[in-house]
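Reader: Can you walk me through this one? I'm new to reading structures.

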Amino acid sequence: MNVLAAENVSYTYQSKYQKVQALKNVSCTFEAGKFYAIIGQSGSGKTTLLSMLAGLGTPNDGEIIANGKTLKEIGSERHRRENVTVIYQSFNLFPTLNILENVMYPMQISKKPTKEAKVRAKELLNSVGLGDVDPRKLPAMLSGGQQQRVAIARALASDAKVILADEPTGNLDTENGKVVIDLLKKLVQDENYCVIVVTHDPGIAAQADVVYKMQDGRLAVEC
């Protein structure tokens with residue numbers, strides 16, 4: 001069953017001086033238990049597509065559908081709470097919260113009791129290989145690879161089963177990049193997550209179950 005889909009999605013960025021059609025009638029589907037890569041040159045529309053799938057923008061035409069319902073029916077905020085979670089190249093951790101508090105944050109938003117959230121956050125940090133790191137550390141005290149693993153733990157704290165990752169290894173060296181991709185693949189294989197990665201890295205794309213290639217705002221091919 002499809003957990004997420006784009007149906008004939010078009011989107012245009014418009015400023016005072018110009019209009020750029022970033023997406024042109026894009027249709028694609030995503031299933032649980034699969035690892036997807038979206039590839040393409042800069043400006044091809046891949047990050048815009050990820051934003052639409054995350055409910056961070058509204059298509060000018062077409063629909064984003066999650067678990068059989070359109071985002072208009074679900075609501076973008078609810079979609080981001082319940083259906084999808086996003087991992088960024090720049091980690092996007094809260095710099096003034098320690099790593100335990102960063103992971104607890106989505107659970108606190110959903111009103112989970114603090115004691116339960118703390119226990120679950122520690123479990124998640126351990127699951128991404130950070131069980132031996134002092135949870136009171138601020139993100140800036142960690143390496144890039146460790147920060148991205150905190151970001152993955154925070155993504156898992158939302159209980160959403162679709163992870164949207166925008167160049168998640170872009171700021172990491174090869175070794176730490178491999179650790180992050182291995183963690184994401186493990187979530188697909190062991191816990192039936194749907195993971196969708198926007199990437200320039202052909203090595204990551206080669207590991208995907210399905211590759212969507214974007215070109216000039218259109219879906220060029222499914223490999």
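Author: We'll take the sheet, then the rings, the cysteines and a helix. This is a predicted model, where local features need pLDDT of at least 70, side-chain atom pairs count only at pLDDT 80 or more, and totals for chains, interfaces and linings use all residues. Residues are numbered from 1 along each chain as its sequence is written, and side-chain values use heavy atoms, with hydrogens and water left out.

Reader: Okay, the sheet. In what order do the four strands come?

Author: The order is β2-β1-β4-β5, in an open sheet with antiparallel pairing. Strands here are DSSP runs of E with at least two residues, helices are runs of H or I with at least four, and both are numbered from the N terminus. Two strands pair if DSSP finds at least two bridges between them.

Reader: Which strands stand at the edges?

Author: β2 (19-31) and β5 (69-70) do. Each has a single partner strand, so one side of each is left without a neighbour in the sheet.

Reader: How many bridges join β1 to β2?

Author: Nine, and the two strands run antiparallel. They form a hairpin with four residues between them. Gln 14 stands opposite Lys 19 in β2.

Reader: And how many bridges does β1 have with β4?

Author: Five, again in the antiparallel sense. β1 covers residues 2-14 and β4 covers residues 61-66. Ser 10 stands opposite Asp 61 in β4. Ala 5 stands opposite Ile 65 in β4.

Reader: New topic. How many aromatic pairs are there?

Author: The count comes to five. Rings of Phe, Tyr and Trp (its six-membered ring) pair if their centres lie within 6.5 Å; planes under 30 degrees apart count as stacked, over 60 as edge-to-face and the rest as tilted. One of the pairs is Tyr 11 with Tyr 13, edge-to-face, at 5.0 Å centre to centre and 85 degrees between the planes.

Reader: Is Tyr 11 buried or exposed?

Author: Tyr 11 is buried, with a relative accessible area of 18%. Tyr 13 is partly exposed at 40%. Buried means under 20% relative accessible area, exposed over 50%, partly exposed in between (1.4 Å probe, protein chains only).

Reader: What about Phe 30 and Tyr 212? Why is that pair edge-to-face?

Author: Their ring centres are 5.5 Å apart and their planes are at 75 degrees, so the pair is edge-to-face. Phe 30 lies in strand β2 and Tyr 212 in strand β9 (residues 210-215), so the pair ties together parts that are 182 residues apart in sequence. Phe 30 is buried at 0% relative accessibility, and Tyr 212 is buried at 3%. Ring pairs link Phe 30, Tyr 36 and Tyr 212 into a cluster.

Reader: How many disulfides does the search find?

Author: Zero, over the whole structure. A disulfide is a pair of cysteine sulfur atoms within 2.5 Å. The sulfur of Cys 28 is 10 Å from the closest cysteine sulfur, in Cys 194, which is too far for a bond. Cys 28 is buried at 4% relative accessible area, and Cys 194 is buried at 0%.

Reader: Now α4. Which of its residues are buried?

Author: In α4 (residues 99-109) they are Ile 99, Leu 100, Asn 102, Val 103, Met 104, Pro 106 and Met 107. What covers them includes α5 (114-127) and α6 (144-156).

Reader: What sits at the ends of α4?

Author: Asn 98 caps the N-terminal end, with a side-chain oxygen 3.0 Å from the backbone nitrogen of Leu 100. That is a polar contact: N or O atoms within 3.5 Å; within protein, one must be able to donate a hydrogen and the other to accept it, and residues adjacent in sequence count only if both atoms are side-chain atoms. After α4 comes Lys 111, whose phi is positive, near 70 degrees.

Reader: Last one. What does Ala 117 touch?

Author: Ala 117 touches Met 104, Met 107 and Lys 112, not counting residues up to four places away in sequence. Ala 117 lies in helix α5 and is buried at 0% relative accessibility.

Definitions and conventions. Contact means heavy atoms within 4.5 Å.
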